[in-house]
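I wanted to go through this one chain by chain and jot down what I looked up. Here are my notes, in the order I made them.

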Number of protein chains: 2
Amino acid sequence: MAYDAIETPFGKTDWIVGGAATYAAYAASNFIKPINQVSIVGNDFEQKEMDLLKARGVNLEGVEVVKDKKSFFWSGKYHMDMNTRDTLVTDLNVLLDFNPVIPESYQGSEFLMLGNVNPSLQISVVQQLKQRPKLIAMDTMNFWMDSALDDLKKLLTMVDLLMVNDSEARQLSGEYSLVKAARAIMKMGPKYLIIKKGEHGALLFHGDKVFVAPALPLEEVFDPTGAGDTFAGGFMGYIASTRDVSFENMKTAIIVGSAMASFCVEKFGPNRLKEITRADIDNRIRQFVDLVNFDIQLV
Amino acid sequence: MAYDAIETPFGKTDWIVGGAATYAAYAASNFIKPINQVSIVGNDFEQKEMDLLKARGVNLEGVEVVKDKKSFFWSGKYHMDMNTRDTLVTDLNVLLDFNPVIPESYQGSEFLMLGNVNPSLQISVVQQLKQRPKLIAMDTMNFWMDSALDDLKKLLTMVDLLMVNDSEARQLSGEYSLVKAARAIMKMGPKYLIIKKGEHGALLFHGDKVFVAPALPLEEVFDPTGAGDTFAGGFMGYIASTRDVSFENMKTAIIVGSAMASFCVEKFGPNRLKEITRADIDNRIRQFVDLVNFDIQLV
C-alpha cells in the first residue's frame, strides 16, 4: 500500500493511492470477503482510503501504520507503447522496516497471494501460517532475481503458483522460448505458472497443458499502473469464491483477472476499480467470451 | 514465388524456395482446389518445385517464366526474438518486369488474395477480373506506405479485407492504439481488417466487432519466414472451401490460418507445409480449441 505519481501520454497525477496490495484488494473484493490485508504504511496514508477498503470487506488488522515515517512512494513516466516506463523516484520509506506479522485472526486463511517484496519477507509470511493455505500464489520481479536469488528459489519450492511477466520468466529460467521457460520454472517448484504479457494477454501453464487468455483490445490504455496486481487480485478473488484450485477453474480465473485489469487501465490509479459494479464486471467478462469464441467442425 | 537464404539462431539455409504465393498456395491447397496462381519466376526456378505445387492442385498458367533472368531472391537473418530480422540481400531480378496478366481460365475466381507487391500491380489484377470476386483480401507493407501511398489508398477502396501486422496498421492509420487504428483503416475502404501480431496472435475487426486469435505457444520458432503468407493462405483456403464470408466464419478461418502458420515456423521455408497431412491439421486446430476454451457462469 503506497502512493504513486504517474505520468502517461494522456495525463499526469502527482499523488494517488497505489501499491500492489491496494489494487489486488480492490479487484478481489468484488468476489470474496473478508480479504486479510498485510502491508505497511506511513503517517501520510489517508484515513479515507482505509475506510474505502474497510467498506469493501478488507480487514486491515495486518496493516502496520508507522507514525514517524511516510508511505512507500513511486513515481514513473510511461511512453506511448505503455510496456516500458521510466522510474523517476523510488522512496522506500516505511518499506525499509517492513517485517510482516500475521495477526492471529488471519490464521486459517485458505488462499494466499504474496505480492512483490523481498522473497525473505514472502517466506516469513508462509512460515507464520500454522495451516498451509489451499493455494499459495506469488509475484516477484527481476530485481529479486539479481539480488536475492537464493531466497527466491527457496520460496519457489513453497508455492503453488507463480505469476510473472514474460521478461521475468525469461530471466528466471534462462530460456527465451516461453514454453521452455515455463517447463524450467515449474521444475523449480510451482506446479502452475502464469506469464503476463500486458496488452498481449496471459498464458497459464500446468504440466503439459497451456491456456491463452487474450487482453481486451482497448481504445486507450490510460494508465497501466497496477494492472498486473489487479489481475492477480481478480484471479485470486475468483478462485477463493469458488474454492476450486483446478486447472480448469484457473482458466476462468485468468479471464476474470484479465477483465479486472482491463478496467484498471481505464483511469488513473485504482480510480476505475473504485466505481465499477458487479454488472459492469459481468458485461466485461461477456466481452471476453465473445472475443475468443469460435465454431469449427472438424472432419 | 522466389528463393530465400535464411539464417536463424537454430540454423542456416543458402537457397530454399519461398515467396508469398508459394507459402499461401501450400497452405490453401489443404482446403480448396484449384488455386489459380499469379506470379513471375526466372530460369533458376526448379521444375520439381513447380511439379510439387501442381500435384497439390495449384494452377500455374498465370506464372510467367522469364528465360534470361533469375527469380526474386531475398536473404535475411533473424535474431533471438524472431520479431525483428536483418535483410542482407534483396535481388528483385524478374520482379522488376512483373506485370501480372490474368489468364482467361482464371476468370470467375470467387476468392482473391493479393500478395504484397506494388499496389499498382494489385489494382491491375482486380481490374482484369471481369466479375468481382466474393471476397478480395490484400496484404501490403510499410515500403508501399512510404513510396506508393496514393495507389495504396485507391486499392484500399477496392478490397474487402486488409491483412497487415501491428506496426503496418499503426503506420497506415497514424494511430498507436490498434482499436483506433482499425477504425481509421476501415474508413479507408476494407470492411474487414486482420492485424497480425506474430507470436501474440491476430485480431479481426469488423464494424464494432473484434475477435482475438492466439498464436500457439511453441517450444521453438525455428524459422518464421512465410508465416504471415501461410496464415493468409490458410485463411483464404478455408473461406473458399466454405464459401461463407461472414464475420463468424472469418473467426474460424483465422484459427485455421493460425494453425497453418504454427506448422510453417517448425522447419525452414515451406518444408513443414510440404509434409503435413489433414489429420495433422485437424489435431493442431483441436489444440487451438483447447488453448482458448473456458467455462464461466455469470450471475
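This is a predicted model: local features need pLDDT of at least 70, side-chain atom pairs count only at pLDDT 80 or more; totals for chains, interfaces and linings use all residues.

**Chain A, overall**

I started with burial: 45% of the 299 residues in chain A are buried.

Along the principal axes, the C-alpha atoms of chain A fill a box of roughly 70 × 40 × 35 Å.

Of the contacts in chain A with a separation of 6 or more, 65% are between residues 24 or more positions apart.

**The four-stranded sheet in chain A**

I traced an open sheet of four strands in chain A, ordered E2-E1-E5-E6, and the pairing is mixed. Which strands stand at the edges? I found E2 (11-18) and E6 (85-91) of chain A there; each has a single partner strand, so one side of each is left without a neighbour in the sheet. On average, neighbouring strands of this sheet are turned by 15° against each other, direction ignored.

I zoomed in on one pair. Strand E5 (residues 73-78) of chain A runs antiparallel to E6(A), and six bridges join them.

**The corresponding entry for chain B**

In chain B I noted an open sheet of four strands with the order E2-E1-E5-E6 and mixed pairing. Its edge strands are E2 (11-18) and E6 (85-91) of chain B, each pairing on one side only. The twist from one strand to the next averages 15°.

Here I picked the E1-E2 pair. Six bridges join strand E1 (residues 2-8) of chain B to E2(B), and the two run antiparallel. Tyr3(B) stands opposite Val17(B) in E2(B).

**A β-α-β unit in chain B**

I followed E7(B) into helix H3 (residues 119-128) of chain B and on to E8(B); together they make a right-handed β-α-β unit. The two strands run parallel, with four bridges joining E7(B) to E8 (residues 135-139) of chain B. Leu114(B) stands opposite Met138(B) in E8(B).

Is strand E7 (residues 111-114) of chain B covered on one face or on both? I get both: Phe111(B) and Met113(B) are buried on one side, Leu112(B) and Leu114(B) on the other.

**Leu60(B)**

I looked up Leu60(B), which is found in strand E4 (residues 58-65) of chain B. Why does Leu60(B) count as partly exposed? It has 19 C-beta neighbours inside 10 Å, and buried takes 20 or more.

Leaving out residues up to four places away in sequence, Leu60(B) touches Gln37(B), Met50(B), Leu53(B) and Lys54(B). I also took the C-alpha separation from Leu60(B) to Ile35(B), 25 residues apart along the chain, and got 8.6 Å.

**Where the chains meet**

Last entry, the interface: 31 residues of chain B are in contact with 31 residues of chain A. On the chain B side, helix H7 (178-187), strand E12 (209-213), helix H9 (247-264) and helix H11 (278-292) each supply at least two residues. H11(B) gives the largest share, six residues. By type, I sorted the chain B side into 20 nonpolar, three polar and eight charged residues.

Key: Residues are numbered from 1 along each chain as its sequence is written. Chains are lettered from A and ligands numbered from 1 in the order in which they are written. Two strands pair if DSSP finds at least two bridges between them. Axes are lines fitted to C-alpha atoms, for helices over the stretch in contact, and angles run from 0 to 180 degrees between N-to-C directions. A residue is buried if 20 or more other C-beta atoms lie within 10 Å of its own, exposed if 12 or fewer, and partly exposed in between; C-beta atoms are placed from the backbone. A crossover is right-handed if, with the strands pointing away from the viewer, the path from the first strand over the helix to the second runs clockwise. Two residues are in contact if their C-beta atoms, placed from the backbone, lie within 7 Å. Ala, Val, Leu, Ile, Met, Phe, Trp, Tyr, Cys and Pro count as nonpolar, Asp, Glu, Lys and Arg as charged, and the others, Gly among them, as polar.
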